[in-house]
Amino acid sequence: GWQDTVSHELVHLIISQKTHNRTPIWIHEALAKFEDSRWRADEELYRPGLDPMSASNLAKALRTDSLVTFAQMHPSMALLPSQEEADLAYSEVYLVTEFLLERKGYAGLRQLLTRLREGKQDMEAIAEIYHLNQDRFEKTWVNWMKRQKLRILKGEAALSKDQEKRAAATKGERALASQRQVKLRDHYHLGQLLRARSRVPAAVVEYTQAVEKAGPNHAALWLLANKLGLALMSLGRKPEALDAFTRSLDIRPRDLEAHLHLAQLKLADDPHRAFLHLIECLRLNPLDPRVQTLAYKATQALDKKGDSRQDWPALSARHRHALGLLQRQARAPAPVEKAKAAGKEQAYLRIITHPWARLWLDYQDTGLTTPVYRLPVSPGTHVIGLRADCRPEALALPVQVQAGQVKVIDQELCPPETDESSPGLIPGP
């Protein structure tokens, strides 16, 4: 989730500072990818290593000799021809780090970064520390990966692993339906039809048949097991539903829906376990009101039980506040909607500040921080509020914007203005 992303970028920053920005991109990404989730390695639900989809794709590439080369990764993995190749490259460099750690541990990695800082080329530094020239390094690493017995999933993936939106499920269903496994497809779609017609017990039979035919190593098992779990939940068959959602996570460990439903099922008898699943959901989408509602209930339940592992009243207050913000956001029409309702053409604000600041529009917190490159507003007069750490109060700037205009605001916030001509101040939140 977003916290792993922050950790990933922090590792990049540390490497850049350590090596004076002399590290090639593949080593940068190898270390950042391997380390980005290490901060939560002691958590109960933590799963180390590559996720099953990525491991399977890497295993297939090893079989067909279609790996992405280190040269192809330069100057950026984002420039690779497809998302599939980028995912494969990240999987490869993840195992590069594991390979190097197995040989010399973190001491070896630190020596590698030191050599790079001194101006050594990547393969030159590897040869010095690991006693492998480029050709031998690549061959030894590839053979090592082949010995890891990476799990290969059969069938096509119903969804790419990074799509977490619920609406994307229809795409997954289409992908599953397009497969030539007619029996599996028919059981699944018959289950969908029966469930849509409230024939849930019959739907469970069909979903179960689909799950059994798919087996534990099918790429679409997460989708099939999720559907089965939902049907079982509606019938009150809790133990079976728990098993179904757990099987879903075995293929797609970062599936928000499976974690969310496991939390629902665990809330009454094991609120702490439910909260652990909700942490995974919050990292994937903290703006989902279902997640915040269940997190609020779980923290309240743990507080009532006298659980001492965390400050549950404080966490409960946080989730209650988040729910309030989400409810207000749902009720408030967006600036563009206001403009359309008034029959006006929309306008835009581009707001740049030094340093960055929290942005308020017409005395309402937008939740945005500068720079903001295209903020839609209705034409007319607005008040921009800018709150930065260097100012004791927020700075208020009245702006006039015309229909179709992009109004640019470039504001220096530090040091705060103190003369009589300074714009007015508005109280901070």
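**Cavities, a hairpin and a helix pair**

The lining of the second largest cavity comprises 7 nonpolar residues, 1 polar residue and no charged residues. In this classification, Ala, Val, Leu, Ile, Met, Phe, Trp, Tyr, Cys and Pro are nonpolar, Asp, Glu, Lys and Arg are charged, and the others, Gly among them, are polar. The structure is a predicted model, in which local features need pLDDT of at least 70 and side-chain atom pairs count only at pLDDT 80 or more, while totals for chains, interfaces and linings use all residues. Residues are numbered from 1 along each chain as its sequence is written, and side-chain values use heavy atoms, with hydrogens and water left out.

A cavity here is a set of points, on a 1 Å grid over the protein atoms alone, where a 1.4 Å probe fits but cannot get out; lining residues have an atom within 4 Å of a point. Points are joined across faces, edges and corners, and a volume is the space filled by probe spheres set on them. The second largest cavity has a volume of about 30 Å³, and its lining is made up of Ile27, Ala30, Leu31, Val96, Thr97, Leu100, Leu109 and Leu112. Helices H2 (25-35) and H5 (83-117) each contribute at least two residues to this lining, the largest share being the 5 residues from H5. Helices (H or I, at least four residues) and strands (E, at least two) are DSSP runs, numbered from the N terminus.

In total, 2 cavities of 30 Å³ or more are found. The largest has a volume of about 50 Å³ and is lined by Gly1, Asp4, Arg40, Arg254, Glu280, Arg283 and Leu284. By class, these lining residues are 5 charged, 1 polar and 1 nonpolar. Helix H14 (residues 271-284) gives the most to this lining, with 3 residues.

Turning to the strands, E2 (residues 358-361) and E3 (residues 364-369) run antiparallel and are joined by 4 bridges; two strands pair if DSSP finds at least two bridges between them. Leu361 has Gln364 in E3 as its bridge partner. The two strands form a hairpin with 2 residues between them, and Asp362 in the turn has a positive phi of about 55 degrees.

Among the helices, H11 (residues 221-234) packs with H12 (residues 238-251) at an angle of about 165 degrees, their axes lying 8 Å apart. Axes are lines fitted to C-alpha atoms, for helices over the stretch in contact, and angles run from 0 to 180 degrees between N-to-C directions. H11 and H12 are therefore roughly antiparallel to each other, a term for angles over 145 degrees.

Terms used
On a 1 Å grid over the protein atoms alone, a cavity is a set of points where a 1.4 Å probe fits but cannot get out, and a pocket is an open set with protein on both sides within 12 Å along at least five of seven lines; lining residues have an atom within 4 Å of a point. Angles under 35 degrees count as roughly parallel, over 145 as roughly antiparallel, 65 to 115 as roughly perpendicular and the rest as oblique.
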